[in-house]
Structure formats: C-alpha cells, structure tokens
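I opened my notebook to look up annotated sites and helix packing. Here is what I looked at.

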Amino acid sequence: MSAYHPLSAEEAIQLARSIPGRFPEHAELECREIGDGNLNLVFHVTAKNTADSIIIKQAVPYAKVVGESWPLSLDRARIERLALETEHKICPELVPEVYGYSDELAYTVMEDLSEYTIMRRGLIEGQAYPKFAEHIGEFLARTLFYTSDLGMNQQEKKVLAGQFVNPDLCKITEDLIFEDPYRKSDNNNYSEAIEDEAEVLRSDTELHFEVTLLRHKFLTQAQALLHGDLHTGSIFVKPDSTKVIDPEFAFFGPMGFDIGAVIGNLLLNYASQIGWSSDEQTRAAREARLIEMARGVWTHFESGFRLLWNEGLQDEMSRTAGYQDYYISQILKDTAGFAGCKMIRRIVGLSHVADIDTIPGDKGREAAQRKALAIGKSLVRHHRSIQSIDDIVTLVEQAS
Ligand code: ADP
Ligand code: MG
Ligand code: MG
Ligand code: MG
C-alpha cells in the first residue's frame, strides 16, 4: 500500500486497524467517505459495536471542483498534518489530535469530531455560540504568537518556516482572492444581476491599490504560521467547545490574514441575514449577535496576544516602548483589509459561501450579495486608517 493511490474503503479500514490503541482487536469496522470539500477524501471509520471511531483525510492530486484538470501538489497533506501537530501542541483543546500519517500516501489519521457541527452550517441555522469568540481568540493569539519572532527563537522560526513552503495552495489564494475578482477571469462566478458590481470591482483603481498592498503583505510577510483557510467551514463547534480543522493552506504569512478570515466569514453571515429572515426582530437580534461575535474575536485575540507578549516574549528589542501597541495596530488594519478581500471574493469569485448562495429567493440573495460587497469594499478601502475594532463595526454598519 506504499505508492500513492486514492485509498479504497477497505484500505481505510485496514489502516484504521493498524493504528495502535484506537479499536478493540477484533472490532468489526465500517467506513464511509464523507468529504464535502473540493480537494480531499475524508474517510469516517467506525466500530460496529462500540463508540470507537477515527477520521482519515487523504489528499488527491487535483482539485475535485474542476475535475482532474487542476493539478495540486500532494505535499499539502504533509503541510496540513504538520500544521495540525504544531497547532495541537500550542492549543490542545482547540485542534484535533493526529494519530498517524503517511506523506507518501498523503493521508492523516485524526480524532473524529463527528459530534461537532461545522460552524457555517450552525450559523445558517441561526445557532448562537457564546463561547466561540473566546475560543477562536485564544487559538489565534496562541498559534500566531508562538510561531512568530516574538514567541519563538528567530533561527528556529526560519527553519520551521522552511517546512511550510506551500506554493500551490498559496497560488490558489493569490489568484482567487487577490486577483480574479478585480479582472475578467474564467474563475469568476456570479449572476448577471450583479454585473454592475463586478464591473465596479474591475474598474475601481483606488480599490485595486489597497488590494495590491494587502496582496504584497500576503506574498512577503512571513510573520507567523497561518492556518491559511480559517473560514467558518474549517471550524467545528459545539456550545461549549471549538475545534479548528483543515489547515492545508498553512504557511508563514501576515497574522491579520487568519483573523480577517474569521471576521470576514462572520460578516458574510451577517450580510446574509437580510435574505433569510422575514421577521425583523429575529433578524436584528441575529445581526447584533454576529457583530458582537466579530468584535469579540478581535478583543479576545488582542487581550490574549498582549498577555502572551507581556509574559512570554523571546525577543529583547521587542520590549521597546510603544512597539507592542504599534504591532497590534498594524495587525488590526491587516485584519480589516483581509476580511474585506475575503468577503468580496466569496461573492464574485470562484468559490462562494452557503450562507448567501442558499438564500431561497433571488431578490433576497441579490440584496445579501450587494450588502456583502459594500461591507467588503469599505473594509478594504479604509483598512489603513482603522484604529480600533469600533472603527470596523462603524464601517460595517455604515455600509449596510
Ligand atoms: P477539505 O480540505 O476537502 O475541505 P476538510 O478537512 O474541511 O476537507 O473536511 C471536509 C469535511 O469532512 C468536513 O466538513 C467534515 O464534515 C468532515 N471532517 C473532516 N475532518 C473531520 C474530523 N476530524 N472529524 C469529523 N469530520 C471531519
Ligand atoms: Mg474544508
Ligand atoms: Mg459505533
Ligand atoms: Mg481544505
């Protein structure tokens, strides 16, 4: 079973059996492929008569969304596994445990989180997650601090960064987020009803300037190990627990890209509310809750990050007066800008979000799309002058 090939269900079962301590010796095992992503196979292996189970995620050498015509390096499975292990060491409660892997077969065996809900699904159903901002704020503060030059030895950081060179997946981001929405591209995907919006995105050179600055940061700033794809579809939630999965886009990049991914996706759900609920009161309550969640993601990140900085700084020069405040204010600006880029691309780019795409009526869907674009563009346009999370909230409310 050594040379690369997609695993069969039978092979997944054999593999599960070979992981020490996971299943009783003679357990009868069953396997289902449950992947809903575009890039990978996900096998759920369960024991028939006990609660034991595991997940095996295997990369395939092409993106499923466009058939086999879009080749993608299998090395991303190694990167995902290494990111899961690195993040799990830093945040054991917030990341699934890895039980085994093969770089050659491009799979990772990990903890089964089937009792959790994918957050995007939960938000679409109107669920509240009062602990989410605190949990994800802690994930962001810890993973970003401890993999940066602030929280780790600078030479060791360079060596670690060398293990996260991820050109194929970074190229997806560079193309789909920072380029395609601003020009004519076969990758773009939007309904004719918003052609006027797409045309504005293509011709607004002031907006292009801001996007180009953000793109430059993404291309060049190896600030910390990023998850790289931290949307609400990469987060499993329960009322009292949060787990981050799917870090195959991991690489060393600007911290605000991850924080902006979370906030941008909360704001996409916020923008979708206009198309979902007919009852004004329910809608206003959900919108207010989403704004508070977005605010909480930043405030929990910031307080956690400052605490780590004050207690665990590895770098003498970074104790310079004023540097911490400056550093965090830059992260906030980046967060706003990247959040905006992520919102824009989910409306006109290749890959959309169910929060908005599954709105049943054309009118409501279009209104939500326009609202998401208005917020996204405003965040990108103004990101360099943002000074506080309240400024972000104000821009969101003014654009709505
Ligand atoms: P992709 O990179 O293809 O998007 P994901 O890692 O997001 O793959 O996994 C796709 C889906 O498989 C998830 O939305 C979830 O339903 C399921 N899944 C992935 N990892 C786990 C896990 N550890 N436990 C339970 N289900 C999982
Ligand atoms: Mg995924
Ligand atoms: Mg069972
Ligand atoms: Mg993925």
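**Setting up.** I am working with a predicted model, in which local features need pLDDT of at least 70, side-chain atom pairs count only at pLDDT 80 or more, and totals for chains, interfaces and linings use all residues. Residues are numbered from 1 along each chain as its sequence is written, and chains are lettered from A and ligands numbered from 1 in the order in which they are written.

**Entry 1, the longer site record.** I looked up UniProt, where an unreviewed entry places the feature "binding site" at Asn40, Lys57, Glu111, Asp112, Leu113, Asp246, Pro247 and Glu248. I keep in mind that UniProt positions are in the numbering used here, that feature names are shortened, and that annotations may be inferred rather than shown by experiment.

I found Lys57 in strand S3, residues 53–59. Helices (H or I, at least four residues) and strands (E, at least two) are DSSP runs, numbered from the N terminus. Is Lys57 buried or exposed? Lys57 counts as buried because it has 24 C-beta neighbours inside 10 Å. My cut-offs are 20 or more other C-beta atoms within 10 Å for buried, 12 or fewer for exposed, and partly exposed in between, with C-beta atoms placed from the backbone. Setting aside residues up to four places away in sequence, Lys57 touches Asn40, Val42, Tyr107, Thr108 and Met110. Contact here is C-beta atoms, placed from the backbone, within 7 Å.

I then went to the loop between strand S9 (241–244) and strand S10 (251–253), where Pro247 sits. Pro247 is buried, with 27 C-beta neighbours inside 10 Å. Asp246 lies in the loop between S9 and S10 too, and Asp246 is buried with 23 other C-beta atoms within 10 Å. I noted that phi of Asp246 is near 65 degrees, a positive value in a residue other than glycine.

Ala106 is in the loop between strand S4 (98–102) and strand S5 (107–111).

Beyond four places in sequence, Asp229 is in contact with Ser234, Asp246, Pro247, Glu248 and Phe249. Arg345 is in helix H11, and Arg345 touches Leu176, Ile177 and Pro181, leaving out residues up to four places away.

I followed H11 (residues 323–348) to H13: their axes come within 7 Å and cross at roughly 150 degrees. That makes H11 roughly antiparallel to H13. The contact residues divide into 11 nonpolar, 4 polar and 1 charged. I count Ala, Val, Leu, Ile, Met, Phe, Trp, Tyr, Cys and Pro as nonpolar, Asp, Glu, Lys and Arg as charged, and the others, Gly among them, as polar.

Helix H8 (residues 205–220) packs on helix H13 (residues 362–382) at about 70 degrees, with axes 8 Å apart. H8 and H13 are therefore roughly perpendicular. Axes are lines fitted to C-alpha atoms, for helices over the stretch in contact, with angles from 0 to 180 degrees between N-to-C directions. Under 35 degrees counts as roughly parallel, over 145 as roughly antiparallel, 65 to 115 as roughly perpendicular and the rest as oblique.

Methods:
Contact = placed C-beta atoms within 7 Å.
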